[in-house]
Amino acid sequence: MRTKIGQLLCEQGFISEPQLTAALDSQKQKKKKIGQILLDSGVLNSRQLIETLVLQSSLEKRDLDNVFIEPEVLQKIPPELVTQYNVIPLEQSNGRLTVAMANPFDTEALQNLRVVTGCGIRRCYSNPIDLEKAILRYYGSNVARMLKNLAPGEKSAGPEIETNGDLTPAKLHELAREPSLVNLVNLILLEATEARASDVHIEPYENSVKIKYRIDGMLIEKSSSPKRLQAAILSRIKIMANMNIAERFIPQDGHIEFPAARGMIDIRVSTVPSIFGESVVMRLLDRSTALIPLEGLGMNQATLKGFSHCLGMAHGIVLVTGPTGSGKTTTLYAALNKIYDPSLKIITIEDPVEYQLEGVIQMPVNPRRGLTFSRGLRHILRQDPNIIMVGEIRDRETADIAIRAALTGHLVFSTLHTNDAAGAVTRLIDMGVEPFLLASSLEGVLAQRLVRKICPACRQRYTPDRHLVESLTNSISIGPDAELYHGRGCQECNHTGMKGRIGIFELLRVTDSLRKLIAQRPTTDQIQQAAPEDHVSMRHDGIEKILEGKTTPEEVLRVTQGMEEEDKPA
């Protein structure tokens with residue numbers, strides 16, 4: 001005799017005995033299945049119910065991590081059905097197809113699979129997240145497959161998808177609700193998160209729509225969409241981002257919360273009109289990887305110790321510099337997280353707020369309503385803060401307020417767009433900041449870049465071009481006998497040889513001698529020459545990481561090329 005579902009749910013810890021009793025009482029009136037009553041009441045979710053039904057039915061549970069599926073078996077189920085029902089075929093024997101399913105009790109899915117495959121279906125259960133990963137792994141690029149299946153000349157299950165520029169909003173809404181389009185856009189986002197992409201670009205051209213992912217700072221084209229799908233794809237994204245679906249001739253911004261395997265992903269959506277239609281960029285902000293500890297950014301011990309000393313100051317201004325996409329915000333968040341204490345009032349003003357920090361008041365700028373960095377900073381000072389973070393110093397007014405805040409007992413963090421640490425000093429003076437005020441308030445400047453790390457799965461020794469190595473020579477050099485590494489390229493790293501990124505840093509601590517020099521309006525060269533003895537350049541730090549086998553000479557040269565290297569060895 002099978003154990004009752006209610007008892008199993010209690011044994012699994014999904015519901016309590018009182019919740020079961022209440023559901024049984026409700027069942028006498030509603031005449032529904034106990035599982036449905038528990039779902040309707042919100043005390044149980046569908047995954048918990050399915051897992052318990054699997055246990056009750058003694059269905060096989062399959063682990064998909066190490067399974068191998070024959071190519072002819074994969075071809076039995078079209079990719080659109082695989083993604084629609086979250087299933088994957090595993091093996092075929094004696095006219096029966098074994099299929100792993102996220103919901104083995106979906107009668108519609110089972111019926112459609114029987115019709116499409118012409119086989120009897122032997123169902124088994126797999127975790128939904130594991131299934132999504134397996135689908136990506138075994139079907140290659142699902143996005144490319146779905147685009148191929150929706151290509152011109154082939155029929156889709158829904159209404160014809162057109163590219164007529166005069167489509168009405170009602171027609172656009174209809175196209176965006178088409179199941180194949182819903183699945184396609186979801187797959188684009190899922191594949192991007194699995195590939196660790198920071199951005200998804202959808203670019204319209206005369207005869208196609210290109211889909212690209214930015215992975216580890218490099219833009220990689222993943223697939224191209226038929227031109228006929230352009231209006232539907234764009235409409236679907238706009239609906240998800242709560243944007244105006246009918247407006248195609250002015251830029252728009254929106255926001256999506258997308259559930260991925262690691263949790264919710266915040267997606268900032270931007271559209272701009274172009275001659276062939278709207279171009280879309282989606283910035284993926286993964287909350288699970290947002291807060292990297294300060295010790296995990298890649299600073300060497302000397303830089304970490306010096307920067308931590310700056311963070312421990314009671315007042316003053318600390319700057320982080322570098323170009324867009326160099327990880328400045330991540331560094332500042334790591335810094336705030338390290339020094340956070342319930343006894344401190346920490347307020348930030350950012351454009352936009354990228355990640356939520358526990359215990360920190362975060363204010364987004366809103367220029368349309370007159371809330372700029374300078375105006376917001378003035379109001380922050382009335383909030384009795386101990387520590388202030390200004391997302392970026394863009395003008396003299398913001399710089400003046402930030403420096404005066406540092407002089408009146410606040411610890412202020414901010415960012416600047418300069419090539420190196422010394423350049424931050426001259427940039428602020430050029431903005432109109434009084435040198436003597438800057439000299440009194442500045443505690444340190446951290447300049448940084450991001451370099452790609454060698455993929456650990458395909459890392460191997462190699463001999464780079466000697467001219468390349470010689471061009472890297474700095475205050476530290478790479479000897480002819482040094483063991484250098486690169487990645488040969490494998491499936492783990494999309495055959496790039498690189499996976500993940502690490503920072504290279506240059507910390508300029510402001511000493512008493514530097515304060516005197518800053519008050520005299522120095523040049524960048526003068527500041528570099530007066531830097532403390534333990535000061536090293538970003539290229540020096542990069543070469544150290546090359547010698548440690550973390551990155552390659554090509555990477556360090558790529559991100560430091562054009563920087564002035566005043567400290568080459570004689």
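In helix 2 (residues 17–30), Gln19, Leu20, Ala23, Leu24, Ser26 and Gln27 meet Ile34, Ile37 and Leu38 of helix 3 (residues 34–41), where contact means heavy atoms within 4.5 Å. By class, this contact holds six nonpolar, three polar and no charged residues; Ala, Val, Leu, Ile, Met, Phe, Trp, Tyr, Cys and Pro count as nonpolar, Asp, Glu, Lys and Arg as charged, and the others, Gly among them, as polar. The structure is a predicted model, in which local features need pLDDT of at least 70 and side-chain atom pairs count only at pLDDT 80 or more, while totals for chains, interfaces and linings use all residues. Residues are numbered from 1 along each chain as its sequence is written, and side-chain values use heavy atoms, with hydrogens and water left out.

The axes of helix 2 and helix 3 come within 9 Å and cross at roughly 110°; axes are lines fitted to C-alpha atoms, for helices over the stretch in contact, and angles run from 0 to 180 degrees between N-to-C directions. Helix 2 and helix 3 are therefore roughly perpendicular (65 to 115 degrees; under 35 counts as roughly parallel, over 145 as roughly antiparallel and the rest as oblique). Their crossing is right-handed, meaning that the near helix is turned clockwise from the far one by less than a right angle, with anticlockwise giving left-handed. Helices (H or I, at least four residues) and strands (E, at least two) are DSSP runs, numbered from the N terminus.

Helix 15 (residues 373–380) and helix 16 (residues 396–407) pack at about 20°, with axes 8 Å apart, and are therefore roughly parallel. The crossing of this pair is left-handed. Phe373, Ser374, Leu377 and Arg378 of helix 15 touch Glu397, Thr398, Ile401 and Ala402 of helix 16, a set of four nonpolar, two polar and two charged residues.

For helix 22 (residues 538–547) and helix 23 (residues 553–560), the angle is about 165° and the axes are 9 Å apart. These two helices are therefore roughly antiparallel, and their crossing is right-handed. Arg539, Gly542, Ile543 and Ile546 of helix 22 form the contact with Pro553, Val556, Leu557 and Thr560 of helix 23. Five nonpolar, two polar and one charged residues make up this contact.

Of the 11 residues of helix 12 (residues 230–240), 10 are buried, so the helix is largely enclosed by the rest of the structure. Buried means under 20% relative accessible area, exposed over 50%, and partly exposed in between (1.4 Å probe, protein chains only). Among the buried residues of helix 12 are Arg236 and Lys238. Just after helix 12, Asn242 has a positive phi of about 55°.

Most residues other than glycine have a negative phi, and most peptide bonds are trans. Arg196 has a positive phi near 65°; this residue is partly exposed, at 32% relative accessible area. Asp384, in the loop between helix 15 and strand 13 (387–390), has a positive phi near 55° and is exposed at 63% relative accessibility. A cis peptide bond with omega of about -10° joins Asp351 and Pro352.
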